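Trainee: Could you take me through the aromatic residues of this model and what surrounds them?
Mentor: Gladly; let us look at the structure together and go question by question.

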Amino acid sequence: MARQDCEPERSFPSALVVRLLIVSLLLVSLAAGSGHVAIAGNADAVKQGESDDAAILELYPDPVRNGDSGEYVLVRLPEAGNWTLSDGESTIPLRNRSGRILVTPEPGIVGDGAGDDATVVEGSFSLANTGETVLLRRNGEPVHRVRYAETSEGERYLPAVDEWRPRGLDPRPPIATGPANATAFLLPDSPEIPIETLRRADDRILLAGYSFTSERVTEALLAAESRGVDVRVLVEAEPVNGAAARQARLLDRLAAAGVEVRVVGVGANRFAFHHPKYAVADGRALVLSENWKPSGVGGASSRGWGVRVENGSTADALAALFRNDSDAPDTRTWAAFRENRRFESIPAANGSYPTQFPAEQVTARNVTVLTAPGNAESALISAIDAAESRVDVLQPSLGRQDNALVRATLRAAQRGVEVRILLSGAWYSAEENEALVAWLNDWADRNDAPLTARISEPDGRYEKIHAKGLLVDDDLAVVGSLNWNENSATRNREVALALRGPEPVAFYRESFAADWRGGSEAGRTWLFAAGAVAAVLVAALVATRSLNFASVEKWEE
């Protein structure tokens, strides 16, 4: 899977032209329709015959190995019979077989958890990377035919969902972990909460993140390791702005002290980026919008949301996710990964901000663990679609205005739900966010809908918005790492907690209201004043260039 650079393009000579182009793209994309668009996986699966339970479940034609060694086909046979599997050149008999059958030319190396519960059958066929038709027959009659086109290296094809998916990645369902007492907090207001959580651990610390440059967190982990706590760390291998030299130094210290440090994103990657920010400390679960660095958990820059949940089952759910992600084939130990690599010298944030909102103990009626890829986006859309009175959104940016989450907020406003959207005014996203805010407010005016969007004005309370928060009515608060763009929702590993109950919502809504009052509504009419001449210019630019509205994580400290 290709790694994506998340830097917004900035090569146009005129800010006005940039803004006009953005608005034009927004309008065109909305006009294309508001429904979900399913992107096919370059394949055609056709089911035939009477054996509805018999199926080709999975094909792996393009392993990340020399000569594509390790190919396989996984099938399900409801009962023993005269089954055969063919790629048009070779036919493999599966007589008297039933259950899940993994067919591969090289049973000894397929590994990596493929078909753990399947019977392995050696079969001498070779799946083409340029496309193939595979046919399952019974008594010579076709039962299931799967046709795919060009493959994706390191990804398996799942006919049932017509999707190429990286090895080791299976979308997880939302996990409801029940009621919980929790500590709700903000950053930069309460940087002591993450450190205190790590310092109190007696048994285990599992810390997952995108980047790691915090001296204070490092010292807390080293102290935990020295008192016998099982400490493990999992970070992204290739953050888009490069791993900092300080990160290399700190991870070297942890590894040397016996902490298990692993990186995600080596070889054929499951994710575009490993982007969550969470920790499991004994029976406590800590989930944040902020990175493990001075600008984030250090309270030196970003407006962030965080929560520490005390109910134990939330911690266990995150621990299971951690084990799944750290044990996968695309991870490496830090020591093995860092050999012969260079690291960039990146200055750390060093701001100082007041505590305006102290942490607060709250009770949640239920906590649900959401993850991406897989369930976080759909869960948020369902919550917004069910909103009755108000929706508040706090995000660094929204990606493109036609993404599914933004469309959900428009639908809510159309049925009378009050919607407020507050975005960051950081320099790297200011122009895009201003244009999007202008479009949203104009859309609200034209549709007489109760939606308002603003750019934040921190007024010395923080430097920039980095929180990824959602509040629905008085009953749902969502805290975590999910940016509202397609890359984050569909290709990144993200983690968020959905907290049900009025107390969590009241805490975050109070801070949202204060941040909202500090914001200013961007002007909008000027964006549409250039007329036909500007439209021609925009059309010409659209024909040659496009803007990247992906994650702005590149610019984090």
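Mentor: Before we start, this is a predicted model in which local features need pLDDT of at least 70 and side-chain atom pairs count only at pLDDT 80 or more, while totals for chains, interfaces and linings use all residues. Residues are numbered from 1 along each chain as its sequence is written, and side-chain values use heavy atoms, with hydrogens and water left out.

Trainee: Is Tyr148 buried or exposed?
Mentor: The classes rest on relative accessible area, where buried means under 20%, exposed over 50% and partly exposed in between, with a 1.4 Å probe and protein chains only. Tyr148 has a relative accessibility of 3%, and by that cut-off Tyr148 is therefore buried.

Trainee: Which kind of aromatic pair do Tyr148 and Trp164 form?
Mentor: Rings of Phe, Tyr and Trp (its six-membered ring) pair if their centres lie within 6.5 Å, and planes under 30 degrees apart count as stacked, over 60 as edge-to-face and the rest as tilted. A search of the whole structure finds 10 aromatic pairs. For Tyr148 and Trp164 the centres are 5.8 Å apart and the planes stand at 90°, which makes the pair edge-to-face.

Trainee: How many residues apart in sequence are the parts that this pair of Tyr148 and Trp164 ties together?
Mentor: Strands are DSSP runs of E with at least two residues, helices are runs of H or I with at least four, and both are numbered from the N terminus. Tyr148 belongs to strand 9 (residues 141-148) and Trp164 to strand 11 (residues 163-166), so the parts tied together are separated in sequence by 16 residues.

Trainee: What is the relative accessible area of Trp427?
Mentor: Trp427 pairs with Tyr428, and with centres 5.6 Å apart and planes at 80° the pair is edge-to-face. Tyr428 counts as buried at 4% relative accessibility, whereas Trp427 is exposed, with a relative accessible area of 54%.

Trainee: How far from the ring centre of Phe337 is the charged end of Arg341?
Mentor: A charge sits over a ring if NZ of Lys or CZ of Arg is within 6 Å of the ring centre and within 35 degrees of the ring normal. Arg420 lies over the face of Trp516 at 5.6 Å from the ring centre. For Arg341 over the ring of Phe337, the distance is 3.8 Å.
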